[in-house]
Amino acid sequence: MDQANIQDIPTIYPKLIQKTSEIGFDMPSDVYIGTLLKSLCASKPDGNFLELGTGMGLSLAWMIEGMDSNSKVTSVDNNPELIALAKGFFQGDKRLSLLCTEGEDWIPTYEGEKFDLIFADAWPGKYSHLKETLDLLKRGGFYVVDDLRQQPNWPDGHQENVDSFLKYMEERKDFAITKMDWSTGVLIAVKK
């Protein structure tokens with residue numbers, strides 16, 4: 001699929017891409033995962049969504065684009081500069097809660113409503129605190145992970161983390177999972 005053929009790109013997306021380039025942010029989410037997140041969020045009216053790893057807000061822009069007016073999203077990142085940039089881009093959207101905190105501290109202490117979709121794009125929620133993160137998902141909720149196909153910026157030995165994560169997810173009997181060799185390598189799991 002040619003990126004030029006992607007429809008309904010969030011209005012804010014080109015500005016986010018420009019800022020990503022300006023500051024040299026080298027871990028942007030793939031545009032295709034964005035389109036997937038938009039569709040999945042649209043499938044959950046009045047949804048409650050979680051993003052672990054705000055980064056520059058590229059995926060967040062797609063999630064917000066798919067949300068209805070009664071939905072809400074919480075996005076967590078430990079980088080105060082990135083959270084400050086995201087707040088500048090998304091200011092005024094009352095459906096969004098941006099949190100600057102360590103995911104490994106936030107995940108086990110969260111006591112709010114369970115989530116309809118969790119996009120785990122950070123170490124906590126993907127390679128650590130996985131069981132606790134999956135416990136935050138509603139029945140019928142989506143757990144989405146990308147970057148499962150080898151990336152140029154992976155540190156040595158990271159493939160072992162991916163393999164261990166995939167094995168764990170495959171062994172869970174309370175999730176229906178789909179692994180896709182698409183975009184950067186995606187896993188979608190639905191809580192049964």
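## Surface and model

The chain exposes about 9,700 Å² (Shrake-Rupley method, 1.4 Å probe). Carbon and sulfur atoms supply 49% of this area.

This is a predicted model: local features need pLDDT of at least 70, side-chain atom pairs count only at pLDDT 80 or more, and totals for chains, interfaces and linings use all residues. Residues are numbered from 1 along each chain as its sequence is written, and side-chain values use heavy atoms, without hydrogens and water.

## Elements and size

The chain holds 7 helices and 7 strands. These are DSSP runs, numbered from the N terminus: helices are H or I with at least four residues, strands are E with at least two. From the N terminus, the order is α-α-β-α-β-α-β-α-β-α-β-α-β-β.

The C-alpha trace spans about 40 × 35 × 35 Å along its principal axes.

## The nonpolar cores

A nonpolar core is a set of buried Ala, Val, Leu, Ile, Met, Phe, Trp, Tyr and Cys residues joined through side-chain atoms within 4.5 Å. The largest one has 33 residues. Met63, Val73, Phe90, Leu117 and Val144 have the most contacts inside it. Helix H2 (31-42) is one of the elements that supply at least two residues. H2 gives the largest share, 7 residues.

Met63 is in contact (heavy atoms within 4.5 Å) with residues beyond four places in sequence, including Leu37, Phe49, Val73 and Phe119. Apart from this core lies another, of 24 residues, among them Trp106, Ala120, Tyr143 and Leu166.

Conventions. Buried < 20%, exposed > 50% of the residue type's maximum accessible area, 1.4 Å probe, protein only.
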